[in-house]
Amino acid sequence: MDAALAPRVALLDGFALEVRRAGSVTVLDDLPRGAQRLIAHLGLCGRPGRGAIAGHLWPDVPEDHAQGSLRSALWRVQKVVPGLVEVSGGALGLAAGVRVDVREFTDWAHQVMDPLVCVDAGSPPDVALRGELLPGWYEDWVLLERERLRQLRMHALEALADKLAAVGRFGEALQAAYAAVRTEPLRESAHRAVIRAHLAEGNLAEAVRAYTAFQDLLCTELGVGPTALMTELIVRARSSAPLAAVRSPTG
């Protein structure tokens, strides 16, 4: 498939299929639900067998009914975008060259979490900061992938923040760390990334302010305090500072 003409499947922030024809892009977001579910499943799960697909997409009907629904969905997909789905024996998969935003995001996340990859290769794509996978879809296979991607996004943003801070790009590091905080306000590791970025820049007062704000948030929401791991970041920084110009985080 010609890469310049290859379709693109969007699953983050909702389903859409982008088709390139005659130099223009058409967004197909009104496909029948069965066709959408088939494309989304293949975009997330690779090249599963027909039986596995039918069982995941139509789990509450007899097997012959599920297989019939699969054939109908496949026919609709091939009618709208011929060649989008490849059939190989008993397996189905998206054609080679079809882009999927979830796959692009996953590739980026694995790169940025790899300690051997240069930080410049880790510039976050737009999808890194966008919403959840297929909002409004509640099938088990979607929920599992949604949680996997949420965790992957958080770890990638935290790793990116540390990499950027390590090379002196402190503003960008804080943007990445706060993107993680916005996604999960009660996640301590995201707040630790914020504090590490402030400390790397030499802003002890900002680090203490971030610690105190998180401490207050935890107390209000959960009735607990930060872990020793987080408190130690501030204690170590204060002990090495030439002047104790800020109050103790545990005071």
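Is D13 buried, exposed or partly exposed? At 46% relative accessibility, D13 counts as partly exposed, where buried means under 20% relative accessible area, exposed over 50%, and partly exposed in between, with a 1.4 Å probe and protein chains only.

Colleagues, a word on the basis of this talk. The structure is a predicted model, in which local features need pLDDT of at least 70 and side-chain atom pairs count only at pLDDT 80 or more, while totals for chains, interfaces and linings use all residues. Residues are numbered from 1 along each chain as its sequence is written, and side-chain values use heavy atoms, with hydrogens and water left out.

Let me return to D13. This residue sits in the loop between β1 (8-10) and β2 (16-21); helices (H or I, at least four residues) and strands (E, at least two) are DSSP runs, numbered from the N terminus. Although D13 is not a glycine, its phi is positive, at about 70°. Another such residue is L134, again not a glycine, with a positive phi of about 40°. L134 belongs to the loop between α4 (101-113) and α5, and at 0% relative accessibility it counts as buried.

In strand β1 we find R8, which is buried, with a relative accessible area of 12%. R8 and V19 are 11 residues apart along the chain, and their C-alpha atoms are separated by 6.7 Å.

I turn now to the helix pairs. Axes here are lines fitted to C-alpha atoms, for helices over the stretch in contact, and angles run from 0 to 180 degrees between N-to-C directions. How do α2 and α3 cross, and at roughly what angle? The axes of helix α2 (residues 50-57) and helix α3 (residues 63-80) come within 9 Å and cross at roughly 100°. That makes α2 roughly perpendicular to α3, since angles of 65 to 115 degrees count as roughly perpendicular, under 35 as roughly parallel, over 145 as roughly antiparallel and the rest as oblique. On the α2 side the contact (heavy atoms within 4.5 Å) is made by R50, G51, I53 and A54, and on the α3 side by A66, Q67, L70, R71 and L74.

For helix α5 (residues 140-166) and helix α7 (residues 188-200), the axes come within 9 Å and cross at roughly 5°. These two helices are therefore roughly parallel to each other. M154, E158, A161, D162 and A165 of α5 meet S189, A190, A193, R196, A197 and A200 of α7.

Finally, L222 is found in helix α8 (residues 204-222) and is exposed, with a relative accessible area of 51%. Thank you.
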